[in-house]
Amino acid sequence: MKTLFLFPILILMISCHDKKTEPQQKETFRIEGNHVTITDNNPVLKKILTETVTEQEYSNAITSAGTIETIPNNYAEIASPFSGRVIRSFVNIGQSVRAGSPIFEILAPGYSSVQKDYSDALNDVRLAEKNYKRQQDLVKHGVGIQKELEEAETEYQNKKTSLSNASSTLNAYNSKGSGGTYMVKAPISGEIISSKIVTGQYLKEDSEPVVTVAELSKVWITGSVKEKDIRFISQGDPVSVKVNTYPDMEITGKVYHISELVDEDTRSIKVLIQCDNPQRKLKPGMFATITYSAGTEKAVVIPSGALMQQGDQQYIWIKTGVSSFTKRIVIPGNTSEKKVRIRSGLQPGDIIMVQGGIYMPDTK
């Protein structure tokens with residue numbers, strides 16, 4: 001019976017002995033409000049880097065979204081000006097063409113009418129000219145009538161006007177077709193980016209375009225700039241462009257045109273950027289990010305890694321002692337991958353933590 005009473009006492013003694021020999025947890029941070037002191041034994045100290053804040057030349061930038069477009073003068077949608085049946089095609093998608101190159105040939109009765117009108121007008125001029133010269137000769141030899149000469153001259157001038165109109169109409173179609181066939185030609189040099197031509201198909205005079213030619217060695221990027229920022233942008237200014245498809249590709253362009261109108265809904269102004277596109281990597285319809293330079297000024301700029309987030313506020317750690325830091329709320333401005341402009345909360349000469357902030361404890 002005595003042994004039974006001694007067993008619990010023995011356990012209690014062993015337990016007390018273990019607590020005495022258990023190592024005490026060493027303190028790693030001392031926190032007082034927003035002030036944190038890191039103890040000497042804390043391995044976090046080796047992970048912290050600091051930097052003295054300086055005022056630097058900072059390049060202001062305005063960023064907006066944009067869409068890549070073809071330049072209107074470098075883009076053509078081609079349809080047949082006459083109703084008729086396609087008898088031959090000369091192009092394929094991706095093919096390069098020059099202005100005046102044949103695209104397709106169509107059997108077009110309407111073109112025959114244009115040719116006939118020109119031929120008739122040419123014959124009429126020749127007859128009117130012959131009559132006019134005959135009347136001149138009669139009057140010259142005293143057997144003609146002046147009134148008939150004047151009438152012949154008027155008729156001759158009218159027929160020449162009709163011929164000029166018929167010739168302009170014929171030349172407008174820019175074709176040397178004959179026998180009712182009409183050759184549709186490229187109005188600009190470029191690349192065939194779409195084609196719906198099928199040999200034998202019948203096209204109406206008011207049909208949709210069947211071929212698209214585009215010259216894409218240069219493109220436009222349409223962006224919008226807020227009304228308050230447009231004062232920083234001028235025609236001819238260089239800009240930087242990024243597209244998601246080619247994130248590492250450096251693209252530069254120039255401000256080509258600034259609209260005279262303000263979008264009343266967004267209070268923004270349309271800006272056209274012109275970019276070289278020698279490799280044809282920029283495709284119409286792609287989205288782009290445009291960065292405009294807005295001049296330089298002195299500003300407090302810190303590494304992006306120094307800026308920390310707490311709720312809807314951002315802060316940095318200010319060094320206030322050998323291993324002491326104080327949390328300070330700041331108001332950041334423009335941000336890039338590596339740098340952040342600080343608008344409020346920092347002064348040149350402040351020493352800040354630029355690396356290791358993620359290891360710091362939460363403070364209230």
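**Exercise 1.** In this predicted model, determine which residue forms a salt bridge with Lys 228, and how far apart the closest N and O atoms are.

*Solution.* Step 1: the partner of Lys 228 is Asp 229, and the closest N and O atoms are 3.3 Å apart. Step 2: Lys 228 has a relative accessibility of 59% and is therefore exposed, because exposed means over 50%. Step 3: Asp 229, at 14%, counts as buried, since the limit for buried is under 20%.

**Exercise 2.** State where Lys 159 and Asp 124 lie and what their salt bridge ties together.

*Solution.* Step 1: a distance of 3.9 Å separates the closest N and O atoms of Lys 159 and Asp 124. Step 3: Lys 159 is partly exposed at 24%, and Asp 124 is partly exposed at 33%.

**Exercise 3.** Identify the strands that hold Lys 218 and Asp 276.

*Solution.* Step 1: the two side chains meet in a salt bridge of 2.5 Å, N to O. Step 2: Lys 218 is in strand β13 (residues 218–226) and Asp 276 in strand β16, so parts 58 residues apart in sequence are tied together.

**Exercise 4.** Describe the backbone angle phi of Arg 267 and the location of this residue.

*Solution.* Step 1: most residues other than glycine have a negative phi. Step 2: Arg 267 has a positive phi, near 55 degrees. Step 3: Arg 267 lies in the loop between β15 (246–263) and β16 (268–276), and is partly exposed at 39%.

Key. Residues numbered from 1 in each chain as written. Predicted model: local features only at pLDDT ≥ 70, side-chain atom pairs only at ≥ 80, totals over all residues. Heavy atoms only, no water. Helix = DSSP H or I, 4+ residues; strand = E, 2+ residues; numbered from the N terminus. Buried < 20%, exposed > 50% of the residue type's maximum accessible area, 1.4 Å probe, protein only. Salt bridge = Lys/Arg side-chain N within 4 Å of Asp/Glu carboxyl O.
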